[in-house]
Amino acid sequence: MAGTSRDTGIKGFCTVEQHILSKQGEHPHATGAFSSVLTGIMLAGRIISAKVRRAGILDVLGETSEVNVHGEQQQKLDQIANKALETCLCYRESVGIIASEELDEPRIVRETSGKYVIIFDPLDGSSNIDVNVSVGTIFSIFERGTHNGAGHDHLADVLQPGRKQVAAGYIVYGSSTVMCYSTGEGVHMFTLDPSVGSFLLAQENVRMPVTGKYFSVNEGNYESFPRGVQEYLTWCKSPDAGPYNARYIGSLVADFHRTLLRGGVFLYPPTAKSPKGKLRLMYEANPIAMIAEQAGGKATDGTTDILDKAPTSLHERTPLFVGSVREVERVQEYMKRVGG
Ligand code: FDP
């Protein structure tokens, strides 16, 4: 029920800040440094949400003249969202390094102090912005602390496997603005109430259904999918399977959010155009995988759990199969049997 928590007994309206503080209270040595990072992300989320909601009124639609590190034309809202996150995070003493889809290299905010590394995709699904389709912000948080003898090893601090994330989450700017986060103790979901300017608790300990008759994939790439994926999709559409329902928004956060709540599977396999998959390990797959696992779901690249992958570069790509445990396992079985 909106605004209540079945588990902690918090009644009435609980804001995300109150929720974070209540969790912090359960850790006697907590200093508030971590809460400060999360509240910085929430502030940026509110700023981005306000811009997205007024996108047709403000001059924020369309492309800039700049191309990002991936060779993609930057959208105006991409830049605005990135700036909002940089600004809201960099003033906070606990922020050591930030890295973003929109930045070529990680930005060292504080050479030695600043306990946390925050990696984000400021506006995922941005090719959908101009046509009023849901977009989102995705974030991943690590503790820094790797030393190389001469001092901090900034790159090693960034390139940590997803299993080491201390928190992750996303904000989806959809029919309402919803935020989901996890610090490794379940997944909690909040809805932005624009009339009070706060994210209010909607549900604690969100669980992903174990099965779900939805498959979500860009079937335009079907001909170049691995054979196992092709056969899985053929099965999904067969009378044997039910058949399943196809749902594909083309905006990862929105497609994943539906999968979290309704169950099913989201797939972005390797394709001829993107042989290593299209999605980014560090700021798309890792945070989504942490939320999925914390909600009882599963995320893999086909063979390895996403959270166990050792990253080699900030912008590396990965195939992604994420969703209900039973559905992800079924895709894996097809890939193993028929060929990956
Ligand atoms: P976009 O290119 O619009 O930024 O990784 C980015 C992403 O969107 C995801 O949000 C989305 O799931 C995927 O790409 C869509 O890719 P296709 O257009 O190839 O289906």
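Me: In which pocket does the ligand sit?

Reply: In this predicted model, the ligand sits in the largest pocket. A molecule is assigned to a pocket if more than half of its atoms lie within 2 Å of the pocket's grid points.

Me: Which residues around the ligand come nearest?

Reply: There are 13 residues around the ligand, and D124, S127, N218, Y248 and Y268 come nearest.

Me: Which atoms of L252 and E284 lie 2.9 Å from an oxygen atom of the ligand?

Reply: For L252 it is a polar backbone atom, whereas for E284 it is an N or O atom in the side chain. On its own the ligand has 460 Å² of accessible area, and the protein covers 81% of this.

Me: Why is R110 called buried?

Reply: R110 has a relative accessible area of 15%. Buried means under 20%; therefore R110 is classed as buried.

Me: Where is R110 found, and what lies 2.9 Å from a polar atom of its side chain?

Reply: R110 belongs to the loop between β4 (107-108) and β5 (116-124). The backbone oxygen of R92 lies 2.9 Å from a polar atom of the R110 side chain. Leaving aside neighbours within four places in sequence, R110 is in contact with residues including R92, E93 and R144.

Conventions:
Residues numbered from 1 in each chain as written. Predicted model: local features only at pLDDT ≥ 70, side-chain atom pairs only at ≥ 80, totals over all residues. Heavy atoms only, no water. Helix = DSSP H or I, 4+ residues; strand = E, 2+ residues; numbered from the N terminus. Buried < 20%, exposed > 50% of the residue type's maximum accessible area, 1.4 Å probe, protein only. Polar contact = N/O pair within 3.5 Å; in protein donor to acceptor, adjacent residues only side chain to side chain. Contact = heavy atoms within 4.5 Å. Near = heavy atom within 4 Å. Areas by Shrake-Rupley, 256 points an atom, 1.4 Å probe, with all protein chains shown as cover. 1 Å grid on protein atoms, 1.4 Å probe; cavity = no way out; pocket = protein on both sides within 12 Å on 5 of 7 lines; lining within 4 Å.
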